[in-house]
Amino acid sequence: MKNSFRNGFHVLQPGFGPAAPAKTASDEVYPNAAHSYIAKEVAAKTFQDVNLCYQCGKCSAGCPVRDYMADSPNKVVRFVQLGLEQAALNSTTPWLCAGCLTCSTRCPNDFNLAKFMDAVREISIEKGVKTKEKEISSFHEAFLRQVRLFGRSYEAGLVADYKLNTLRLLQDVDSAPGMILKGKLSVLPHKVKDRKTIKNIFGKTTHKKKRNG
Amino acid sequence: MKIGVFICHCGENISRTVDCPRVAETCEKIPGVEFSIDYKYMCSDPGQKLIKDAVEIHKLDAIVVGSCSPNMHERTFRSAAVAAGINPFLVEIANLREHCSWVHEDVESATQKAIELVRMAVEKVKRDKPLSKIKVPVTKRVLVIGGGIAGIQAALDVANAGYDVVLVEKEPSIGGHMSQLSETFPTLDCSQCILTPRMVEVNQHPRIKLLTYSEVEKIEGFIGNFKATIRKKARHINEDICSGCGQCVSKCPIKKKAFSSFEEGLAYRPAVYIPFPQAVPNIPVIDESVCTYYRNGKCGMCVKACDRQAIDFDQKDTMMVADVGAVIVATGYKLYSIGKQPLGSKYKGYGEYGYGKYKDVIDGLQFERIASASGPTSGEIKRPSDGKEPKKIVFIQCVGSRDPAKGISYCSKICCMYTAKQAMLFRHKVHDGEAYVFYMDIRAGGKMYEEFVRRAIEEDHVNYIRGRVSRIYEENGKYIVKGEDTIAGVPVNIDADMVVLASAMIPHDNAPGLAQKVGIPYDKYGFYNESHPKLKPVESTTAGVFLAGACNAPRDIPESVAMASAAASKAIILFSSDSLEREPVVARVNEDLCAGCFYCRKVCPFGAVEVRDIKDMNGVVYKEVAYINQGVCQGCGTCTATCLSKSIELAGFNNEEIFAEIAAL
C-alpha cells in the first residue's frame with residue numbers, strides 16, 4: 001500500500017499517508033537554497049537579494065570576457081540561487097570578471113552582477129578555495145601589496161611582485177619599452193604622505209580574513 | 001424602540017475567539033434591546049428566517065447583526081429586514097469578524113470587545129432614521145471614447161441593443177491599431193478584412209454618431225446624467241460636402257514633409273491626407289503644420305482640385321455637448337518607444353539596441369506595416385534602409401516589458417504571440433530566410449496560442465533562443481546581435497539583416513489627463529484601474545464609467561472585444577429602467593446654517609458640491625449656499641468633516657449617531 005488512494009479518495013490517517021519522500025541525490029545537490037551559506041553571505045556582502053536575477057542572460061550576452069569563461073555569468077548566479085556553494089566557488093568566472101559593469105548597467109532587474117562577482121571572489125578567499133586562475137589572484141594580491149606599501153599603485157613593483165610570484169617572467173615584456181618611454185613605469189615609487197591611514201584601512205578590512213597564501 | 005441583536009458564529013470564524021452565546025446574553029441587557037440570539041450562520045437561509053421570525057414575534061423596530069464586514073453581508077441582512085417589514089437603514093452591522101475575531105487571540109478580551117462593538121451599533125441604530133432610496137433619471141445614450149476595435153465593438157453592441165451612441169475618436173479615422181496589423185494570430189486571417197466591415201457598420205449605423213478627429217474636453221455629471229464636452233478639431237474639409245474622391249490628396253504638392261503615423265513613419269504622406277485607403281470616414285484632413293497655405297498663404301492646389309468646394313481653410317475647432325448616461329473608455333495603448341527617451345521621462349530607452357540609429361532595427365508595428373499588403377512595401381518583406389529583402393531577421397521579445405530598470409515591470413502579454421506570427425509571416429514570404437527569436441519565456445496562454453507558437457517552431461523552423469540580447473551593433477553592413485543561449489550556456493552572435501524589437505504596450509501619454517477629465521483612477525503606468533480585479537473587471541471605480549480594451553492593461557484583440565461587449569452590456573443594464581436607484585447615504589446641507597465658505601466644494605473628490613442662490617421674496621439673491629447633488633455624492637463624508645459651521649450632515653452617519661456610538665464605548 002504505497003500510496004493510499006482508494007476509489008479516488010486520498011485516505012488521510014495519521015501514519016497511513018504517503019511516506020515522506022526519501023532523501024534523494026537531488027536533495028544533496030540542491031540544498032535549501034534560501035538558507036544556504038553562500039546565498040546569505042553574498043546577500044550580506046552586496047546588500048542585494050540574489051533572487052533578483054531572473055536568468056534572462058543579458059549579462060552573459062554582453063560580457064566582454066564571456067568567451068574566456070567556462071560558466072556564463074548568469075550560471076554562477078544560478079549556482080548561488082540554488083546554494084551550490086562548491087560550484088560557485090570553484091568556477092573561474094568570478095576571477096575572469098573584469099568588473100567593467102556592462103552587465104550591471106544593462107541588467108533589466110537592476111541586479112549588480114559586478115558586485116556579486118566581487119562578493120564571490122571574497123568568499124572564496126575567506127574560505128581558502130584556491131582558484132585555477134592563479135595568475136589573476138596573484139595579480140590582485142600583488143596590486144594590493146603595492147597599495148599597502150605605498151598608498152598607491154607602483155607599477156614597477158607590481159610587475160616584479162607579480163612575475164616573481166607567478167614565474168611568468170617573459171609575459172608582456174614587449175610592451176615594457178613603450179611604457180618606460182611614456183613614463184608609465186617609473187623606477188621609484190610615488191608614495192602618499194599619510195601612509196598610516198592606508199595601513200589602518202588595510203588593518204581594519206583584512207584582519208578578519210584568512211589571507212589566501 | 002425595540003431592537004433585536006443577532007450574533008453570528010460565522011462557522012468558527014467568529015466563535016473561535018469570541019464567546020458568541022455570552023455576547024448574545026450580555027447584549028440582551030442593553031437598554032432598548034428586546035431580543036438577542038446567536039446562530040451558527042446568520043447569513044444562511046435559516047439564519048435570515050430567524051431574523052424575520054424574531055421581528056414578527058417580538059415586534060422589533062430595528063436590528064443589529066454582529067457578523068462579518070458590512071462589505072460582505074450588509075445587503076443580505078438589509079433585504080432580510082425589508083422582507084420582515086423594517087426599513088433597510090434601520091439595520092446596523094457590528095463587525096465581529098474582521099475587526100475582532102480575526103485580529104485577536106485572547107478569548108476573554110475579544111469577547112469583551114465584541115460586546116462593546118455591539119453596544120455601539122445598538123446606540124447608533126436607536127438614532128437611525130428610516131431612509132429611502134434616491135431615484136435618479138437616466139439618459140439612455142452612451143459615450144464611447146476611442147474608436148479602436150474595443151470602442152467599435154462597444155459602440156455596435158450598445159447601438160444594436162437600441163440605444164444611441166456617441167463614438168469619439170481622436171484620429172481622423174476609426175480602426176485603431178488593429179487597422180495597422182497585417183495578419184492576426186492564431187489564425188493568420190487578414191486584420192483589415194475582419195475589421196473594415198465593422199468600421200463601415202459603425203459609420204452607417206443610424207444610432208451611432210461618429211465624431212472622428214475629436215477629443216473629449218470635459219465630462220461633468222454623474223451616473224445616468226453625464227454631460228460631455230467634445231472638441232471637434234478642424235479638419236479644414238467640410239465633411240458634409242466632401243465625397244472622399246481623393247483629388248486634393250493626389251494634387252497636394254507637399255509630398256515628403258510629413259511621415260505617415262499610420263505607416264509608423266515608414267512612408268511619407270501629403271499635407272492633405274486620408275490616413276489609409278479603408279479609412280472611415282473617408283474624408284481627408286489638412287495638416288496645418290506642413291501645409292503651404294498655412295505657412296505663407298499661397299498654394300491652394302487642393303482648392304482647385306476639389307470639384308465640390310469642400311476645402312475650408314478657415315474652419316475652426318468646434319465644441320459640442322453630449323448628454324449621456326454612461327461612458328465607455330476604450331482609449332487603447334501605444335508602443336513604448338525603444339530609442340533614447342527624453343529627459344524626465346518615466347521610462348528609460350535602450351541605447352544598446354540602436355533603435356533610431358540603425359534604420360533596420362524596427363519595432364513590432366513597423367514590421368506589421370512592412371508585412372501588410374496595404375503597407376509601404378505592398379506586403380513584400382524589405383528592409384527600410386535599402387529596400388533589399390532581408391535574409392536573416394532577429395526578433396527580440398520583452399523589449400521594455402519585464403524590464404523594471406527601464407521602468408516597466410509588467411508583461412505586455414501580446415508580444416510572444418505577435419513575434420511568433422511575424423517570424424512565421426517572414427518565413428512564408430522569404431523562403432530561404434532565417435528567423436531567430438530571442439525570448440525569456442514564451443507566454444502563449446490562450447485558445448490555440450501554444451499550438452501556434454509550436455507551429456512556428458516545428459513547421460516554419462523559426463529558431464527560438466532563450467536569452468536576452470545585450471547589444472546590437474553594425475559591422476560590415478550587418479547588424480550583430482549579441483545574445484546568450486542560456487539553456488546551452490553558450491554565447492550567440494547573429495549577423496542579421498534586420499532586427500525587429502517587440503516593444504512593450506504602454507498607455508497613451510495623455511491617459512492620465514483623460515482619466516482626470518473622466519474622473520477615473522489610474523495606476524502608476526497610466527493604465528485605468530478596474531473596480532475589482534476579478535469580479536468587476538470592466539467597471540471603473542466611478543459609477544457609470546466602464547473600461548474596455550488595452551486602456552486597462554495589455555490585451556490582445558479577442559480579449560479587447562470580449563471586454564468591450566461586457567462594458568456595453570453593463571451600460572445596457574443601466575438603461576434597463578427609466579430611473580436609477582441609489583443608496584440614500586448622501587450628504588445634505590442645512591441651508592440656514594451654511595455660511596457659504598465652500599470649503600466643501602474644494603475637498604469633494606466627486607465634484608458633487610454646487611452653488612445655490614438663496615433669494616428673498618423679491619427674487620434678489622441675498623446668500624449663496626452649498627448644494628450637494630444627490631446623484632453625484634458618494635457619501636464619503638469628507639465635506640461633513642470639513643464644514644466649519646457643521647451644516648452638512650451625511651444621512652445614516654450624522655453627528656448624533658456617530659457621537660452616540662462613541663459615547664457607548
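# Reading a two-chain predicted model

Author: Chain A has a secondary structure of twelve helices and two strands. This is a predicted model.

Reader: Which domains does the assignment give for chain A?

Author: Domain 1 covers 25-126 and domain 2 covers 134-192. Taken over C-alpha atoms, the centres of these two domains of chain A are separated by 29 Å.

Reader: What does the check give for helix α4 of chain B?

Author: Helix α4 of chain B (residues 107-127) has 21 residues and should therefore span 30 Å; the distance between its end C-alpha atoms is 31 Å, which agrees.

Reader: Is α4(B) mostly covered or mostly uncovered?

Author: Mostly covered: 15 of the 21 residues of α4(B) are buried. Here a residue counts as buried if 20 or more other C-beta atoms lie within 10 Å of its own.

Reader: Now sheets. How should I read one, and in what order do the four strands of the open sheet in chain B lie?

Author: Strands of a sheet pair through backbone hydrogen bonds, either parallel or antiparallel. In chain B the order is β2-β1-β3-β4, and the pairing is parallel. The edge strands are β2 (33-39) and β4 (91-95) of chain B, each of which pairs on one side only. From one strand to the next, the twist averages 15°.

Reader: How many bridges join β3 of chain B to β4(B)?

Author: Five bridges join β3(B) (residues 62-67) to β4(B), and the two run parallel. B:Ser67 stands opposite B:Asn95 in β4(B).

Reader: Which strands does helix α2 of chain B touch?

Author: Helix α2(B) (residues 45-58) packs on the sheet and touches β1 (3-8), β2 and β3 of chain B, with its direction at about 160° to that of β2(B). Helix α3(B) (residues 70-83) lies across β3 and β4 of chain B, running at about 150° to β4(B).

Reader: How do I judge the two faces of a strand? Which residues of β6(B) are buried on each side?

Author: Take the residues of each face in turn. In β6(B), B:Arg141, B:Leu143 and B:Ile145 are buried on one side, and B:Val142 and B:Val144 on the other. The strand, residues 141-145, thus has five of its five residues buried. Five bridges join β6(B) to β7(B) (residues 164-168), and these strands run parallel. The bridge partner of B:Arg141 in β7(B) is B:Asp164.

Reader: How is the size of an interface described, and how many residues does each chain give to the contact?

Author: The size of an interface is often given as the accessible area lost when the parts come together. Counted by residues, the contact takes 18 from chain B and 17 from chain A. On the side of chain B that touches chain A, strand β25(B) (residues 478-485) gives the most, with three residues. The residues of that side of chain B divide into five nonpolar, five polar and eight charged.

Notes: Residues are numbered from 1 along each chain as its sequence is written. Chains are lettered from A and ligands numbered from 1 in the order in which they are written. This is a predicted model: local features need pLDDT of at least 70, side-chain atom pairs count only at pLDDT 80 or more; totals for chains, interfaces and linings use all residues. The expected span of a helix is 1.5 Å times one less than its number of residues. A residue is buried if 20 or more other C-beta atoms lie within 10 Å of its own, exposed if 12 or fewer, and partly exposed in between; C-beta atoms are placed from the backbone. Two residues are in contact if their C-beta atoms, placed from the backbone, lie within 7 Å. Ala, Val, Leu, Ile, Met, Phe, Trp, Tyr, Cys and Pro count as nonpolar, Asp, Glu, Lys and Arg as charged, and the others, Gly among them, as polar. Two strands pair if DSSP finds at least two bridges between them. Axes are lines fitted to C-alpha atoms, for helices over the stretch in contact, and angles run from 0 to 180 degrees between N-to-C directions. Domain bounds come from an automatic or database domain assignment.
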